[in-house]
Amino acid sequence: MMSSLYRIIVIGRNTLTESLRQKVLSVLLIFSLVLVCCSVYFSGIATPGLDAAGLFDEQIKFVKDFGCGAIGLFGFAIALLSTAQLIPQELQTRTIYTILAKPVRRSEFLLGKFFGIVLLLALCVALMSLAFVGTLYWQEWQGIALVQNVYGYGTPSWHADSISVGQYNHEIDLIDTQVRDPQLIEAVLLIFAKLVMTSGIALLISTFSTSTIFTIVTTFMIYLIGHLESTAREVWLGRGAETSIWQSGLLGFISLLIPDMNSFTIVDEILSGNHVPWSHALNLLAYANVYLIILLALSIVIFDYREL
Amino acid sequence: MTRLLVNPAAECLPLARRLRRAFLIALILGLWAPVKILWEQEIGAEQDLLRYHGVTMSRELRDQLGQDLTIGVLSGMRSVVADYIWMVDLTIAWQQQEWFKMGGYVNLCTSLQPRSIIFWDIGGWQLAWNASVAAARDHTEPDPLRRYKNSQFWIQKGLDVYLRGIANNPESWKLWADTGFLYEQRLGDIEKRNGQHQAAWDAYHKAAYYYGEALKRPGCMTFYERWPAYMYEKAGDDQAAYQAWKDLWLSLTPEEKKQKQHAAEKIESSIRDLEKKLSIPNEKRVFPN
């Protein structure tokens, strides 16, 4: 058991090293960091004519949306590209035969490879999140400076008007609440879970596909359909329009097999400042984990029986 | 011909292997599928309960978004798409004073992110203030009555945005206060200036109601506590104003009165004035002579 785990860790570490050496992924990571940091420039396009509080609300929303959007988008690209070429590349370079000739099970090889990709995603998401936090603090600093300017903080007239001081404190508190929102950890965890799920789907497809392009396109399609799965499920369960037997069959197929990616869009609610309880986020994370176990089990079954 | 070349003994093993693989896949999926459906239903019900109105992709929404942005929404980039429309399309429509187009974009953004207060808040303001004022000052329209009517049309559109915002986010004090502000400034004040006293009376009373509702929500700024009474004063309803000031005064603890000295003085002077004006008997007064 321990030796098996050791082999998985070694393969995972090697996969991570190999992935980090790939120029495409490095470029993607750099672009993502640039985009996350650039979200402050998008915030500059906020609606003119708003008061300090309104302006900050709009700016911080743009920074959060574009920051998390960049993490999700580039994370998706990294997950897809790195996982899709895992097995085809091993087959092309024939290194898989050398590895499997040693006392390494196919399942260990597959799990090790996937573990490496999860590590890569964790590293990328951590780096992008750090850039995101930095951007948020920069925006907070800008927001406080704006409010101080509006209320004449530090000028001789300061403290003369108790109402203004009260409003100033209220607006500073609002800025702090929006920037130092612990729920952002929930948002990043949910984005990460979605990326790992995407990676799991790509791994499953790559176990029977013979080309990287096929894996990328199919995974992308499943990802898109996943955002409509909840609608398909509702219709299939008879809560929508009348359907023919063929339509019902197709909707049932989608509902039973494709993961519900739309549930993860609650990240938008978190970014809008709405309260999402941890119990709900943990439920979604558990769903993602169980789905991942199923994807890995299917991948192992298919890969075990594949003619190499 | 091909089949004759295949060794039947060799074919037997891959078939057994294939069948075993198919059986294992079917077993895993068969066990997982019902659990998946039930679990997803539970997550969906939980999200409904928490009022997360995830957008449903309809034909109408798809036509409004266009192909590129639809793919964005389907990729889970709903908030980024909404922000993009807000920053680019809506701002251009505003600058070019294409108010109907702007109204459409406000509806689109609020449909994509119904729980984002900022879209309702600023969207309603754009329509009830910017579009309405532009319509009132539109000198390409020579008829003043028609200008007034057009201006009122946009105020109603703005009001509609706020009311839909409240329906989607009843816990947001901001939207309740915004609606009160709209009733006060865009309906009450305008009607009062036009000599429509009954309409102004109704609008100020509604404003008082919405300010009062805002106060019941957490996070509402404390200075709003005086607004309902101000609205009754503006409406000329002295009795209601007196009652509102009195209720507010009685709700404040001595410490609060000390803390909010400026506000407390205002409340006290308003009560004294109204007691005099309404000739309240001395024994029933809050501040007897």
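Analyst: Chain B has a radius of gyration of 30 Å, whereas a compact globule of 289 residues would come in near 19 Å. That radius is taken over C-alpha atoms, and the globule rule is 2.2 Å times the number of residues to the power 0.38. Along the principal axes, the C-alpha atoms of chain B fill a box of roughly 115 × 55 × 30 Å.

Before going on, a word on ground rules: this is a predicted model, local features need pLDDT of at least 70, side-chain atom pairs count only at pLDDT 80 or more, and totals for chains, interfaces and linings use all residues. Residues are numbered from 1 along each chain as its sequence is written, while chains are lettered from A and ligands numbered from 1 in the order in which they are written.

Chain B has 14 helices and zero strands; here helices (H or I, at least four residues) and strands (E, at least two) are DSSP runs, numbered from the N terminus. Buried residues account for 37% of the 289 in chain B. A residue is buried if 20 or more other C-beta atoms lie within 10 Å of its own, exposed if 12 or fewer, and partly exposed in between, with C-beta atoms placed from the backbone. Of the contacts in chain B with a separation of 6 or more, 52% join residues 24 or more positions apart; a contact means C-beta atoms, placed from the backbone, within 7 Å.

Now for the packing. α5(B) and helix α6 (residues 99–112) of chain B have axes 9 Å apart and pack at about 170 degrees, so α5(B) and α6(B) are roughly antiparallel. Axes are lines fitted to C-alpha atoms, for helices over the stretch in contact, and angles run from 0 to 180 degrees between N-to-C directions. Angles under 35 degrees count as roughly parallel, over 145 as roughly antiparallel, 65 to 115 as roughly perpendicular and the rest as oblique. On the α5(B) side the contact includes B:Val81, B:Ile85, B:Trp86 and B:Trp94, and on the α6(B) side B:Met102, B:Tyr105 and B:Leu112 are among the partners.

The loop between α5 and α6 of chain B holds B:Gln97, which has a positive phi of about 55 degrees despite not being a glycine. With 13 C-beta neighbours inside 10 Å, B:Gln97 counts as partly exposed.

Further along, the axes of helix α12 (residues 238–251) of chain B and helix α14 (residues 261–277) of chain B come within 10 Å and cross at roughly 140 degrees, which means α12(B) is oblique to α14(B). Among the residues in that contact are B:Tyr242, B:Trp245 and B:Trp249 from α12(B), plus B:Ile267, B:Ile271 and B:Leu274 from α14(B). In the segment after α14 of chain B sits B:Ser279, another non-glycine with a positive phi, about 50 degrees. B:Ser279 is exposed, with 6 other C-beta atoms within 10 Å.

Last, the partner chain: 37 residues of chain B are in contact with 46 residues of chain A. On the chain B side, α2 (8–49), α5 (78–95) and α7 (117–136) each supply at least two residues, and α2(B) gives the largest share, 15 residues.

Conventions:
Contact = placed C-beta atoms within 7 Å.
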